Amino acid sequence: MATAAMAAAASSRAFLRPHRLLLIPHTHPLRRRLSATAAPFSTAASASVVDVLRERGLVEATTSEALAAARPGELKVYCGFDPTAESLHLGNLLGLVALSWFRRCGHTTVALIGGATGRVGDPSGKSAERPELDVAAVEANSDAIKSLVAQILGRIPEPAHAHDSQPVKNDQPLVNSGSATMGSFVILDNYDWWKDITLLDFLKEVGRFARVGTMIAKESVKKRLSSEDGMSYTEFTYQLLQGYDFLYMFKNMGVNVQIGGSDQWGNITAGTELIRKILQVEGAHGLTFPLLLKSDGTKFGKTEDGAIWLSSKMLSPYKFYQYFFAVPDVDVIRFMKILTFLSLDEIQELEESMKKPGYVPNTVQKKLAEEVTRFVHGEEGLAEALKATEALRPGAQTQLDAQTIEGIADDVPSCSLAYDQVLKSPVVDMAVSTGLLASKSAVKRLIKQGGLYLNNIRIDSEDKLVEEGDIVDGKVLLLSAGKKNKMVVRIS
């Protein structure tokens, strides 16, 4: 027994010694730090970040209540994002919001891009194995997500929205920025340490500390093992890969908290278990937040058209804004608490306003859409969304231009017609030929109801023809059937 204990202790000491697999170079090119130059956040900086998150409904579970006692600057927290697509989506937004809250409360935050784990695929919450991505796709997705995360987390979300962080060069290990009110943040890629690790090294240094029974007992594994497709060995190892990420950053950078959605609990605890067994120390914590669900239990962010992407290259700020503007009353206050940085007092005032006589429908949704769009797309993206929203509102007095119409062409149905097919053409015929409405009778009925618009101007006559002045900048037309159904007509 004594010999075995001595051997285990020697093994642990050997692991803790400098190791070619466990030390990240201080001059690593992908380490990116952003300064914290924001104005003070007196309430956030003085509060426990766990209490702040819990009050807003952003805590599902924690590995220890000791986490709530942490003072500003004591935590270094990370959240992982696998590069399975060119952009993060709405389901990832809570991770970015939670990281921002940790940062606002004075803690150091890390966004970890899964350049390595993304090649394996996280089985959590999935009923079947993810499609395999080739190396080029993973690298391209990783670069795009790093840029996106830098833009979002680089904006300091505050009521005045007046202070943006600027990137600075800093090759030192992870440390707090020194600000009494605002933590720093860094973006890392786990491929940078995984690329040099061999299978034999991993099995020797990590695999032998993992108990198969414990791994199988994880909820994400149990669900997949009982499914028709089962689980591949590749996916089964994912929790160890993610657990090693936590171990690596805990040992080398002092990262002591991992956060993620509730479906990540098994992966997070795999990391805390490895740290406790291999390093034989305490102090690694985990926190999960609820998945982003609507009141009916379905995922928020899934539509018939697919995911709600955070990148403006994949979804325009206008359409992103419109998605939040359409949130039902039953969900809007809860989403306001978990997705914005408005104070709870201000949110309560908004909630009370909804119950008062004379409340204008969607007023709170408008505020929600503005706050979330500002966080994700910045002031410029919000301005673009507001401009398009106002300009495209049927009956709006805003002068339409071709650029504004083209800006939404990817988000609404569109078609192309020759100039001579459009000029002097009856609007009734065009509404049918473009597919806006199914029949002339439907168009005429809508005109009588006052619901057909050409360039936001109501059509009052069935005999209306398209004139030269109706073609915006000589390039486009906008047909609208009611408030939601639109058709962009490009003139060639």
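I began with surface charge and found a patch of negative charge made by Asp 345, Glu 346, Glu 349 and Glu 352. I note here that the model is predicted. Is Glu 349 buried or exposed? Its relative accessible area is 54%. The cut-off for exposed is over 50%, so Glu 349 counts as exposed.

**Aromatic rings**

Next I looked up the aromatic pairs. How many does the whole structure hold? The search gave 14. I took the pair of Phe 300 and Tyr 323 for a closer look. Their ring centres lie 5.0 Å apart, and their planes meet at 40°. Stacked needs under 30 degrees and edge-to-face needs over 60, so I wrote this pair down as tilted.

**Salt bridges**

I turned to salt bridges and counted eleven. I went through three of them one by one.

I started with Arg 54 and Glu 65. Their closest N and O atoms are 3.5 Å apart, and the cut-off is 4 Å. Arg 54 is in helix 3 (residues 49-55). Glu 65 is in the loop between strand 2 (61-62) and strand 3 (76-81). The partners are eleven residues apart, and I noted that they link distant parts of the chain. Arg 54 is partly exposed at 37% relative accessible area. Glu 65 is exposed at 52%.

My next pair was Glu 370 and Lys 366. Here the closest N and O atoms are 2.6 Å apart. Why are these two about one helical turn apart? They are four residues apart in helix 16 (residues 363-391). Glu 370 has 14% relative accessibility. Buried means under 20%, so I marked Glu 370 as buried. Lys 366 is partly exposed, at 38%.

Then I looked up Asp 429 and Lys 440. Their side chains meet in a salt bridge of 3.2 Å, N to O. Asp 429 belongs to helix 19 (residues 427-433) and Lys 440 to helix 20 (residues 440-448), so the pair ties together parts eleven residues apart in sequence. Both partners are partly exposed: Asp 429 at 30% and Lys 440 at 44%.

**Positive phi angles**

Last, I looked at backbone angles. Lys 424 is not a glycine, yet its phi is positive, about 70°. I found Lys 424 in the loop between helix 18 (419-422) and helix 19.

Asn 455 is not a glycine either, and its phi is also positive, about 55°. At 12% relative accessibility, Asn 455 counts as buried.

Methods
Residues are numbered from 1 along each chain as its sequence is written. This is a predicted model: local features need pLDDT of at least 70, side-chain atom pairs count only at pLDDT 80 or more; totals for chains, interfaces and linings use all residues. Side-chain values use heavy atoms; hydrogens and water are left out. Patches are made of residues with over 30% relative accessible area and no salt bridge: like charges are joined within 9 Å, nonpolar side chains (Val, Leu, Ile, Met, Phe, Trp, Tyr) within 5 Å. Accessible areas come from the Shrake-Rupley method with a 1.4 Å probe; for residues, only the protein chains shown count as cover. Lys and Arg count as positive and Asp and Glu as negative; His and the chain ends are not counted. The place of a charge is taken as NZ of Lys, CZ of Arg, CG of Asp or CD of Glu. Buried means under 20% relative accessible area, exposed over 50%, partly exposed in between (1.4 Å probe, protein chains only). Rings of Phe, Tyr and Trp (its six-membered ring) pair if their centres lie within 6.5 Å; planes under 30 degrees apart count as stacked, over 60 as edge-to-face and the rest as tilted.
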